[in-house]
Amino acid sequence: MVLLHKEIPFDYTEINLADKPDWFLDISPYGKVPALAVDGTTLYESAIINDYLDEAYPERRLLYEDPLKRAEQRILIDYISNRFIPVFYKLLLNQDEEAQEGYKKDLLYHFDYFASLLEDRIWLSGDELSMTDISLLPWFERLIVLERYRDFGLPASYENLHRWWNACQELPEFHGTRTDVGPLIESYERYADGTASGSTAKEMGT
Ligand SMILES: N[C@@H](CCC(=O)N[C@@H](CS)C(=O)NCC(=O)O)C(=O)O
């Protein structure tokens, strides 16, 4: 989405995480997507890739230039990466129903927090789309996976978040990157039935 937002030309290669090619492991030491190769240098970790792109291509900035405001955005991105996304994976990977109920409650707690940021604005960090929205959006696209495998969705009462998610779905950046629902659901099947054995399953499985 950042590449599209800034109209940076790129080649896109999908990786089968169940059978990672050697060339991919050479450029992505954690064995994870995404990775970005730029002139012989490879970057990984999506927040760091996004930081690089915003700095190297300053047109249509997604992070504030003001250091304090930018730091606030990075705190939210860190929250999404290290507090919210792991719960998504844990709910999907854990086969125990009681534990799943606990993770569902944790997700609602995170929804409360995101909704509180949207009380008087459409976007998470101000009047315009920014990196914080782009960091959270893919996980709302993936809520359909939790609906399918764990009977969990965004409750209707979260009006602010629904409004935000509806605005996200209008973005050209979203249309240019979205995965069809069928393949998206299928790609998480092995996480949901407990047969995934990749690095994410090992790290997030409980
Ligand atoms: N912190 C990393 C996380 C990336 C990540 O978890 N990628 C998953 C797929 S969404 C992956 O490639 N997992 C490899 C595996 O399961 O073997 C980032 O933000 O780039």
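Start by selecting lysine 20: an N or O atom in its side chain is 2.6 Å from an oxygen atom of the ligand. The protein buries 81% of the 510 Å² that the ligand exposes when taken alone (accessible areas come from the Shrake-Rupley method with a 1.4 Å probe). Before moving on, note that this is a predicted model, where local features need pLDDT of at least 70, side-chain atom pairs count only at pLDDT 80 or more, and totals for chains, interfaces and linings use all residues. Residues are numbered from 1 along each chain as its sequence is written, and side-chain values use heavy atoms, with hydrogens and water left out.

Next, click on glutamate 45, where a side-chain N or O atom is 2.7 Å from a nitrogen atom of the ligand. Then try serine 46: one of its polar side-chain atoms lies 2.5 Å from a ligand oxygen atom.

Now show the whole shell around the ligand. Among its 13 residues, Lys20, Val33, Glu45, Ser46 and Thr200 come nearest (a residue is near a molecule if one of its heavy atoms lies within 4 Å of it). Colour domain 1 (2–56) and domain 2 (67–204), and you will find at least three shell residues from each; the domain bounds come from an automatic or database domain assignment.

For the last stop, select Tyr64, Lys69, Glu72, Gln73, Ile75, Leu76, Tyr113, Leu117, Arg121, Leu124 and Ser125, which line the second largest pocket. Which helix gives the most to this lining? Look at α4, with five residues; α4 spans 67–93, and α5 (97–117) also supplies at least two.

Technical notes
A polar contact is a pair of N or O atoms within 3.5 Å; within protein, one must be able to donate a hydrogen and the other to accept it, and residues adjacent in sequence count only if both atoms are side-chain atoms. On a 1 Å grid over the protein atoms alone, a cavity is a set of points where a 1.4 Å probe fits but cannot get out, and a pocket is an open set with protein on both sides within 12 Å along at least five of seven lines; lining residues have an atom within 4 Å of a point. Helices (H or I, at least four residues) and strands (E, at least two) are DSSP runs, numbered from the N terminus.
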